[in-house]
Amino acid sequence: MSKSLDLSKLCQQAVEVILDVGEFIRSQKGRVGTDRIVEKSKNSLVSYVDQTAEEKLVQGLGTLLEEPTFLTEEGTVIARKGTYRWIIDPLDGTTNFLHRIPAFSVSVGLEVRDELVLGIVYEVNQDECFYAWKGGGAYLNGNQIGVSPATHLSDALLATGFPYYDYSLMQKYLGTLQELMKDTRGIRRLGSAAVDLAYVACGRFEGFFEYSLHPWDVAGGVVLVQEAGGLVTDFKGGADYLFGGSILAASPAIHQAMLDVLIKHFQD
């Protein structure tokens, strides 16, 4: 990483861009007609709100670094890989947004030479902005946050995402759910992986797991969890959570217990 890159300052500049985009999204709640919704693939919806929000993010974030590249959900800019790469989900929880369910967010992560170093998740409805940068800690609206101190699964509230297009691992997933339902305080499904990760970072959830996610779903939240003192791996305990299709994020004391369950059910 370049020594001249001030991640703290960059994070604050990026937050300003994201808050502005969040205001745009908030202004469009309940205003998107069914004739303006497109199904990109099975159960994957998009509207002009996603696309416009992404364009605004690319334009604003694009001014903060020299020669930045982008990886975005809606593909409004050509995906390229460079020294600096913004990974953007302009509206994580689009289905919630379109159904007027108040759990959706803007999620942005920054890679510097293939390393995630900055993450921001803005939960629009609650006006909660979570942000973190490598070595700087994690914050919610200016206050430092940390993962839950719970030490036993029996005291843990977990989050997950139900499969909505890839059902190939359904039985393994249901086996995992069955075991974790019995051994925890419960499992929630909010419909925004970025919000789930942010809630792990601030201790509202002890852990989160999901498969068949994309890099833009998790890039912002990963840094939050790590800087808040949590652990992030794939379902095998490795580091292939950004592109590998599975993610487990949890407080340190809960992570291993959840990983043991996932390995048991998802082993080849």
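Which residues of α5 are buried? They are A193, A194, V195, D196, L197, A198, Y199, V200 and A201. The model is predicted.

**Helix α5**
- Helix α5 spans residues 193-201, and nine of its nine residues are buried, so the helix is largely enclosed by the rest of the structure.
- Among the buried residues of α5 are D196 and Y199.
- G203 follows α5 and has a positive phi, near 90 degrees.

**Helices α1 and α2**
- The axis of α1 (residues 7-27) comes within 10 Å of the axis of α2 (residues 48-61).
- The two axes cross at roughly 160 degrees, and angles over 145 degrees count as roughly antiparallel.
- α1 and α2 are therefore roughly antiparallel to each other.
- The handedness of the crossing between α1 and α2 is right-handed.

**The second largest pocket**
- The volume of the second largest pocket is about 260 Å³.
- Its lining is made up of 14 residues.
- Of these lining residues, L169, F235, K236, S246 and F266 lie nearest the centre of the pocket.
- By residue class, the lining of the second largest pocket holds five nonpolar, five polar and four charged residues.

- G146 sits in the loop that runs between β9 (143-145) and β10 (157-160).
- With a relative accessible area of 31%, G146 is partly exposed.
- G146 and G191 are 45 residues apart along the chain, and their C-alpha atoms are separated by 22 Å.
- G207 belongs to strand β12 (residues 207-211).
- The relative accessibility of G207 is 0%, so G207 counts as buried, the cut-off for that class being under 20%.

- R113 is not a glycine, yet its phi is positive, at about 50 degrees.
- The loop between β5 (105-112) and β6 (115-123) contains R113.
- D127, also a residue other than glycine, has a positive phi near 55 degrees.
- D127 is placed in the loop between β6 and β7 (128-133).
- D127 has a relative accessibility of 44% and therefore counts as partly exposed.

Methods. Residues are numbered from 1 along each chain as its sequence is written. This is a predicted model: local features need pLDDT of at least 70, side-chain atom pairs count only at pLDDT 80 or more; totals for chains, interfaces and linings use all residues. Side-chain values use heavy atoms; hydrogens and water are left out. Buried means under 20% relative accessible area, exposed over 50%, partly exposed in between (1.4 Å probe, protein chains only). Helices (H or I, at least four residues) and strands (E, at least two) are DSSP runs, numbered from the N terminus. On a 1 Å grid over the protein atoms alone, a cavity is a set of points where a 1.4 Å probe fits but cannot get out, and a pocket is an open set with protein on both sides within 12 Å along at least five of seven lines; lining residues have an atom within 4 Å of a point. Grid points are joined across faces, edges and corners, and a volume is the space filled by probe spheres set on the points. Ala, Val, Leu, Ile, Met, Phe, Trp, Tyr, Cys and Pro count as nonpolar, Asp, Glu, Lys and Arg as charged, and the others, Gly among them, as polar. Axes are lines fitted to C-alpha atoms, for helices over the stretch in contact, and angles run from 0 to 180 degrees between N-to-C directions. Angles under 35 degrees count as roughly parallel, over 145 as roughly antiparallel, 65 to 115 as roughly perpendicular and the rest as oblique. A crossing is left-handed if the near helix is turned anticlockwise from the far one by less than a right angle, and right-handed if clockwise.
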